[in-house]
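Please open the structure in your viewer and keep the selection tool at hand.

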Amino acid sequence: MNDLRIKDLSAHVGEEVTLLGWVYNKRSSGKIKFLILRDGTGYLQCVFFKGNLDEATFNEAGAVGQESTVEVTGAVKKEPRAPGGYELDAKGLKVTHATEDYPITPKEHGPDFLLDKRHLWVRSSRQVAILKVRHRIVKAIRDFFDERDFSLFDPPILTPAACEGTSTLFETPYFDLGNAYLTQSGQLYAEAGALALGKVYTFGPTFRAEKSKTRRHLTEFWMVEPEMAFADLNDDMDLAEEFLEYVVQTVLKDCAEELRTLERDTAKLKNVERPLPRISYDEAVEILKKKGSDFTWGDDFGGADETLISEEFDKPVMVHRYPAAIKAFYMKRDPENEKLALAVDVLAPEGYGEIIGGSQREDDYDTLLGRIKEHKLPVEAFEWYLDLRRYGSAPHSGFGLGLERTVSWICGLDHVRETIPFPRMIYRNTP
RNA sequence: UCCGCGAUAGCUCAAUGGUAGAGCAUUCGGCUGUUAACCGAAGGGUUGUAGGUUCGAAUCCUACUCGCGGAGCCA
């Protein structure tokens, strides 16, 4: 195996090297041919001069098709005219797999065509950049929690019933036990983890069978959900803002090249530093009214409302204390106003909408039992969850962050479908 | 489920009732520094499906299929 990669070439100027990769694009001009090689770590312009080569090699450099697999040998040169600043003065070319008629040409394509060819689309430079940013975000998320004594606590993906009782779930037969459902959230299980290990986080795929057809929705998406014992809503918000700052600043530091490829305006990301603004639901409603919206108190914010609110700030904004009626049954009520839930949503700037939803959880047994009954949920299915309030109950809080929405925001994309290798949407489950 | 928009060459699109076109891709030719290179030529079509109106339909009408955006729901 040849371990030399394009990203490391700056340390090999003047040396003759052999690189393995694929033909990304090529251009020719009479007695000189340019072949752009990609290997997953970068792009390298390989120059074939007719005078320096035997005729067969020169002709082959012109004939080789896009995405052919090749070995190129030549001397590394610093060259300001080349993309990336370095190029290869090619001496030899070995085509190990000749590709013809590669469907994704270096011109515009529509999203439907590209999604049909998603297994090939992931080779293009934009997609490579997005998926590298995704990887870095995932690592930053893990590092953040690992460094703060959170333990990874994996919840089940097959569950016996709806976690929150509202969403439509994917259903699958489960032996003699009736039906199982694909999880829509690991949170309830994370609460069990927090009361066992103190601080935990779940990180895995979740599923929603809602027929949502928007640029912010997938049916299968990844979510990270930290949960802390002995933490109230303020502690939860402290964690959320430190977390967002860490993730965004880490990506800015480590993914500058990728963000440049994506032409992301990073000025707006640099603002993501503590403290993040905290406003109450009431204050958010005031903002909407001031801007001429006919929003009525008690409703949940729609996508357009979220954009109006977030426009008031140059960084993510935390909106807390929502009407309890529009929030989940497990959220603790505000002791100062029983109509409000101790919930917080974080709205990303630039119209990216809700990226975090969290709350302090109801920790009183009788109150929680009452809520389950009010919501007409099957009490027996929640007996284990009620046990967490029977035995060693404690104030606890947490939140969930949607990975794809976060990647979409940080990369400045117009649709979450590009943030995951193989997106699952209401009318698409292939390739 | 509801509302709006769309489907024409491999891809992106033009052609508003009168001979179906361009750019890219492919093939061939030209060019010694290209940056989605450029210049010239060639091949490439049951206009999503089914029916209707008309002398004549890509174009007008009806139904269906598929896709896109949004609402609801949510991350």
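This is a predicted model: local features need pLDDT of at least 70, side-chain atom pairs count only at pLDDT 80 or more; totals for chains, interfaces and linings use all residues.

Residues are numbered from 1 along each chain as its sequence is written, chains are lettered from A and ligands numbered from 1 in the order in which they are written, and side-chain values use heavy atoms, with hydrogens and water left out.

**The two domains.** Select 6-97 of chain A, which is domain 1, and then 118-419, which is domain 2. Such bounds come from an automatic or database domain assignment. The C-alpha centres of domain 1 and domain 2 are 46 Å apart. Domain 1 supplies 6 residues to the contact and domain 2 supplies 5; contact means heavy atoms within 4.5 Å.

**The interface.** About 420 Å² is buried between domain 1 and domain 2, with 38% of it on carbon and sulfur atoms. Buried area is the accessible area (1.4 Å probe) that two parts lose on being put together, summed over both.

**The salt bridge.** Next, select Glu67 and Arg123, which form a salt bridge with their closest N and O atoms 2.9 Å apart. The term requires a side-chain nitrogen of Lys or Arg within 4 Å of a carboxyl oxygen of Asp or Glu.

Finally, select Asp149. Is Asp149 buried or exposed? Asp149 counts as exposed because its relative accessibility is 61% (buried is under 20%, exposed over 50%, partly exposed in between; 1.4 Å probe, protein chains only).
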